[in-house]
Amino acid sequence: EGDPREARFMARIDAEERIEPNDFMPEGYRKTLVRQIAQHAHSEIIGMLPEGNWITRAPSLRRKAALLAKVQDEGGHGLYLYCAAETLGKSREEMMDELVDGRAKYSSIFNYPTLTWADIGMIGWLVDGAAIMNQIPLCRCSFGPYARAMIRICKEESFHQRQGYEQIMTLCAGTPEQKELAQDSLNRWWWPSIMMFGPSDGDSVHSAKSMAWKIKRFTNDELRQKFIDATVPQAHRIGLEIPDPDLKFNEETGHWEIGEIDWEEFKRVLAGGGPCNADRVAARKAAQENGAWVRDAALAYAQKRAARESE
Ligand code: FAQ
């Protein structure tokens, strides 16, 4: 009963073998990977916007150089990830079209605005911090091209996280106004960062399959808890307060326990109703349209060259 190739595929997964693009894979596995990798790529590309907003206003040359490099890194991550998705048979043009016409999902976190300079440090510390917590296990994902792309991405994200925390540490060691800027930013970014890990396990439709296929190695709630346990002490060390009156340390389990997550807000942002959803997609659409002449010129040049070489 069943396709014998599926049994062989599952045996390879169970034996921790990597699946490569030309290997047999069940349609569901392919679809899940295209979905996750494309969403991940879109997140990197849309994720350039909130930080890009502050490049011209960075407070020093050193901060500006680090921010420029970080935003370029995110662009690079998006490109490796689109390549990984392309190996599964989905074209980049199709993925781009889905992003600019609002059909594709990308991480909820990038629909929040960067109102102050402190938000740039906060994104590095919290958003890149959450990203690496989720992405380190993806280096062991069963699909080869995705797993390999994640290795370099994680090294870069880890640098981003450190530069973000260092920025917030600096603000916290500054004037009372600077410290207040950091606290205000943490108040706005804490809960959205917690939501980056996705719905709680009971509501996560894809987790069971993705865990069986070893695409995901931990559930959403497991990774969220690891992030909370790592981050709360970092906040306390620099004198910041987590905006959660119910936060408490459980001596028995050794874990920090948080209050209720506002899942209504999460759903609203996923449905397009976050503070910046429309702006983000519009900015991407404008970039796509304004860059059309570059793609046309590159294509015309490549065609001319190919024609000359075949003469
Ligand atoms: N936002 O059944 P599950 C970065 C969707 S880091 C929006 O649990 P799954 C670096 C989910 O897609 C951010 N949608 O799904 C950076 C699904 O919808 P669908 C990107 C979300 O896939 C830092 C539905 O809810 N990282 O970019 C979110 O098993 C700084 C049901 O959820 C990744 O993409 C959300 N937060 O688990 C860049 C990592 N959560 O497709 C710039 C790879 C869930 O059925 C600056 N992805 N949904 O319509 C993953 O690990 C997984 O896809 C999860 C979700 C964990 C995000």
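Predicted model: local features only at pLDDT ≥ 70, side-chain atom pairs only at ≥ 80, totals over all residues.
Helix α2 has the largest share, with 6 residues. Of the 35 residues around the ligand, the ones that come nearest are Q39, K105, S204, H206 and K216.

Now zoom in on a few polar atoms. The side chain of K105 has an N or O atom 2.5 Å from an oxygen atom of the ligand. H206 does something along those lines, with a polar side-chain atom 2.6 Å from a ligand oxygen. Over at Q36, an N or O atom of the side chain sits 3.5 Å from a nitrogen atom of the ligand. How much of the ligand does the protein bury? On its own the ligand would expose 1100 Å², and the protein buries 90% of that.

Next, follow the chain to a pair of helices. Two packed helices are described by the angle between their axes and the distance between those axes. For helix α8 (residues 176–195) and helix α10 (residues 220–237), the axes come within 10 Å and cross at roughly 150°. An angle over 145 degrees counts as roughly antiparallel, so that is how α8 and α10 run relative to each other. On the α8 side, the contact is made by W190, S193, I194 and M195, while α10 brings R224, F227, I228, T231 and V232. Sorted by class, the residues of this contact are 6 nonpolar, 2 polar and 1 charged.

Finally, hop back to helix α1 (residues 4–14). At its start, a side-chain oxygen of D3 reaches to within 2.9 Å of the backbone nitrogen of R5. Just after α1, you'll find E16 with a positive phi of about 65°.

Terms used: Residues numbered from 1 in each chain as written. Heavy atoms only, no water. Axes fitted to C-alpha atoms, helices over the stretch in contact; angles between N-to-C directions. Helix = DSSP H or I, 4+ residues; strand = E, 2+ residues; numbered from the N terminus. Parallel < 35°, antiparallel > 145°, perpendicular 65-115°, else oblique. Contact = heavy atoms within 4.5 Å. Nonpolar A, V, L, I, M, F, W, Y, C, P; charged D, E, K, R; others polar. Near = heavy atom within 4 Å. Polar contact = N/O pair within 3.5 Å; in protein donor to acceptor, adjacent residues only side chain to side chain. Areas by Shrake-Rupley, 256 points an atom, 1.4 Å probe, with all protein chains shown as cover.
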